[in-house]
Amino acid sequence: REWENGAASRDAALRAHLCDKVLEAMEVPLCYPPDSAAPNHVRPVAESVLARLLPADLHARYEAQILRRFLAESRSWHPCPRADCANIVHCAAAHATAKWSAPLGESAVPAIDVQCLCGHRFCFNCRRRAHQPLRCEMVLAWQMACDEGDEEPRDVVSTSEGEELQRCRIRESKLSVSADEELQIRRTMRQLQSTLVAIFAKPSVAVLVEQAMEFLLAAKRLLRLVIIAELIQQRSGRMLPATAIAGSAGQEQLERQLGFLVERLGDLLHVPLPEPLPPQPEPAPDAVSGEMARLHGTAGPNALILIKHAQLIVAGHTPLTTLTQATSVVLCDLEEQLTNRVAPLRGEAQAPAVKGPAPNGALVSVSSAVSSAVSNFSSAVTNIFGAKTAA
């Protein structure tokens, strides 16, 4: 009986100690109290003992603390930075911790773009939006420049430097797509694809819509990075190799071409829904049944608009095909140009010779092939929905 009373007393003391440590959230893993005979000896508490002594709510809190500690110390596991996403992303190719103190242009951690299951793309090293081929310190320099521009009075910042930053920020904001906006775009496109398959029996057009959406988002992302790279290069004051300077005219032409294609793709893909779409259910194994499941719950004005827009896409899939193919070509060329231009700032050997820009006739050809079709499409949208689509 005396032994039982002693065991119960020890359990009560240990339970109180463990509860205090969990509430303090300072000790992972939980350990036994220090022994006066061996104060430097640390003994972790076994999981079976924790499960027996800790209340259920504190045990759950402690497990959450273990997870946070693991994620804070891990180089290959990180939580998705999107605010309302609870997913954890694993990247086996993650590099060592970035040396943020390294001067711009010297060796630092390269970007590693990953995509969470929720659809959000981000850099695994700095947790900012995906920004390859730019390195993390270039995006950090852009953010610092924007912050300084917001804090400094107008009469402190030099006129030319301040105006140039403002112009770049305006251009960048027009191309910027937040994580929540991208998620809503993907939901809308999935519903549009479901409408094309389940109602119009056009699976090939549904695949085309998905490809066009991915190229549109990638093109906006790349054009935004081009703006950031140009400003940081200008402010860094570093001399670029002659090959990079010679290719600047070609890059400007590719920027104009890609900007034109982004506007046209935006006209074709923008669905003017009056209210955001909720998350869709998981698709069924059967293709058509799965698309019908995605359409379930889409009613009222949204359903009617999706059906009418899908009908327009079916009728105008030829210009959409042309725009998608042209965007993929120009996107690859501009990405190669940008990679070559930022290589000197990264302190790396320059990539192979820059490819020549696409001839002016390429843009003229695309323009003549799709401009009238896009115009007709926009007019049809105006007649049906009462408002012209926007890029």
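Trainee: What does the accessible surface of the chain come to, and how much of that belongs to carbon and sulfur atoms?

Mentor: This is a predicted model. The accessible surface of the chain comes to about 20,900 Å², and carbon and sulfur atoms hold 55% of that. Of the 391 residues, 42% count as buried.

Trainee: How many helices and strands does the chain have?

Mentor: There are 13 helices and four strands. As for contacts between residues at least 6 apart in sequence, 71% of them join residues at least 24 apart.

Trainee: At what angle do helix α6 and helix α11 pack?

Mentor: Angles of 65 to 115 degrees count as roughly perpendicular. Helix α6 (residues 179-198) and helix α11 (residues 301-315) pack at about 70 degrees, their axes being 9 Å apart. The two helices are therefore roughly perpendicular to each other.

Trainee: Which residues meet there?

Mentor: From α6 come Thr 188, Gln 191, Leu 192, Thr 195 and Leu 196; from α11 come Leu 306, Ile 307, His 309, Ala 310, Ile 313 and Val 314. By class, the residues of this contact are seven nonpolar, four polar and no charged.

Trainee: Is Ala 206 buried or exposed?

Mentor: Buried means under 20% relative accessible area. Ala 206 has 4% relative accessibility, so Ala 206 counts as buried. The residue lies in helix α7 (residues 203-236).

Trainee: Which residues is Ala 206 in contact with, leaving aside neighbours within four places in sequence?

Mentor: Those residues are Gln 193, Leu 196 and Val 197.

Key. Residues are numbered from 1 along each chain as its sequence is written. This is a predicted model: local features need pLDDT of at least 70, side-chain atom pairs count only at pLDDT 80 or more; totals for chains, interfaces and linings use all residues. Side-chain values use heavy atoms; hydrogens and water are left out. Buried means under 20% relative accessible area, exposed over 50%, partly exposed in between (1.4 Å probe, protein chains only). Contact means heavy atoms within 4.5 Å. Axes are lines fitted to C-alpha atoms, for helices over the stretch in contact, and angles run from 0 to 180 degrees between N-to-C directions. Angles under 35 degrees count as roughly parallel, over 145 as roughly antiparallel, 65 to 115 as roughly perpendicular and the rest as oblique. Ala, Val, Leu, Ile, Met, Phe, Trp, Tyr, Cys and Pro count as nonpolar, Asp, Glu, Lys and Arg as charged, and the others, Gly among them, as polar. Accessible areas come from the Shrake-Rupley method with a 1.4 Å probe; for residues, only the protein chains shown count as cover.
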